[in-house]
Amino acid sequence: MEGRFVLDDRPIPYRAGDTVAVAILRAGEHPAQGGTVCLAGDCGNCVAEVDGVAYVRTCQTPARPGLVVQRHPAVGQPPLRGAGRAGLTNPSPRLRVERADVDVVVIGGGDSGTRAAAEAGAAGRVVELIDAGDGSEAVAIYAGPTVIVRTPQGMRHLTCREVVVAAGAAELQAVCPGNDLKGLMTVRAAIQLHAAGVDLGVAVAIGEPPNEVPCTPLSGRLLRIEGTERVSGVVTRDGEGGDERATPCDTVILGLGYAARDPLARMAADLPVSLVGGAAKAFRLPPAPTAGTICHCSGVTVKDVEDLWERGFRDLELVKRAS
């Protein structure tokens, strides 16, 4: 083992190269309270308080000695540190903000992003490549265009002439009864955990299975996931009139397809922003869910959204606020 950090006042060991989320999963626990983990910054099911800062993606946070991690409560919001002390509401240190002016900002350090950055650089343009794997995360694109980037040191405001979004595609997650249990993961997460030596126990795969991970592929439609706090099995059905089939397991690997990581481009529709690679693809989406938890952080379920719809909240922004 490389070292230890603190999780909910208990020491957790980690190995070299572990993120906080991987180390917690290696210890047989969940970085949050349950739900599918993707280990790619897409799901929100690994967010926790890290060194006093809430809603940190632990899958993007390298484990290091002395780190203090506190899981968010199962119900309600994490506590506001310092509230109630001498009138303080959020005694945070002053945030460091850097500003720069470049020609092109490329968001995403995969094949498409590095290729776009190389092409722009070869044309003599000043390029800034943003990649979450390096600890930098693009969080917004505003008029200018200006790209807002969160870094380990603070924030960067990059004014540019063009933005290229090469963020790739996110894996879809199941919305069904039991999708808030522990023991659910996407294909990419399963591959990463298996490569890191994490024991997944008896694993089954729904949809496209990972060739790299020992698991049993299951056919048919996923109806529900069974268990109390952790997964104990899945129930599937072949065809509309087929019988339900229960399969015991410790881990469920979900290969349900992908969706383009294009929200940054959609929030900047009138700006010089282009999409390349997986972020530019149109993926086939599954049928609308009929039950299950949609957002584990807020506890919003399919029924909550249906109720809001019946009450007249037809506008998406109104649904978001009411949720």
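A: The buried residues of helix H2 pack against strands S7, S8 and S12, where buried means under 20% relative accessible area, exposed means over 50% and partly exposed lies in between, taken with a 1.4 Å probe on protein chains only. Helices (H or I, at least four residues) and strands (E, at least two) are DSSP runs numbered from the N terminus, and contact means heavy atoms within 4.5 Å. This is a predicted model, in which local features need pLDDT of at least 70 and side-chain atom pairs count only at pLDDT 80 or more, while totals for chains, interfaces and linings use all residues. Residues are numbered from 1 along each chain as its sequence is written, and side-chain values use heavy atoms, with hydrogens and water left out.

The buried residues of H2 are Gly113, Ala116, Ala117 and Ala120. They lie on the same side of H2 because they cover an arc of only 100° around the axis, the arc being that of the directions from the helix axis to the C-beta atoms. An α-helix has 3.6 residues a turn, so residues three or four places apart point the same way. On the other side of H2, by contrast, Asp111, Glu119 and Ala122 are exposed.

The length of H2 can be checked as well: at 1.5 Å a residue, its 12 residues should span 16 Å, and the end C-alpha atoms are 16 Å apart, which agrees. The expected span here is 1.5 Å times one less than the number of residues. After H2 comes Gly124, with a positive phi near 85°.

H2, residues 111–122, lies across S7, S8 and S12 (162–165), and runs at about 170° to S8. For such angles, axes are lines fitted to C-alpha atoms, for helices over the stretch in contact, and the values run from 0 to 180 degrees between N-to-C directions.

The strands under discussion belong to an open sheet of four strands with parallel pairing, in the order S8-S7-S12-S22; two strands pair if DSSP finds at least two bridges between them. Its edge strands, each pairing on one side only, are S8 (127–130) and S22 (273–275). On average, neighbouring strands of this sheet are turned by 20° against each other, direction ignored. S7, residues 104–107, is joined to S8 in the parallel sense by four bridges, and Ile107 has Ile130 in S8 as its bridge partner.

Leaving aside residues up to four places away in sequence, Leu193 touches Val22, Leu25, Leu39, Met185, Val198 and Leu200.
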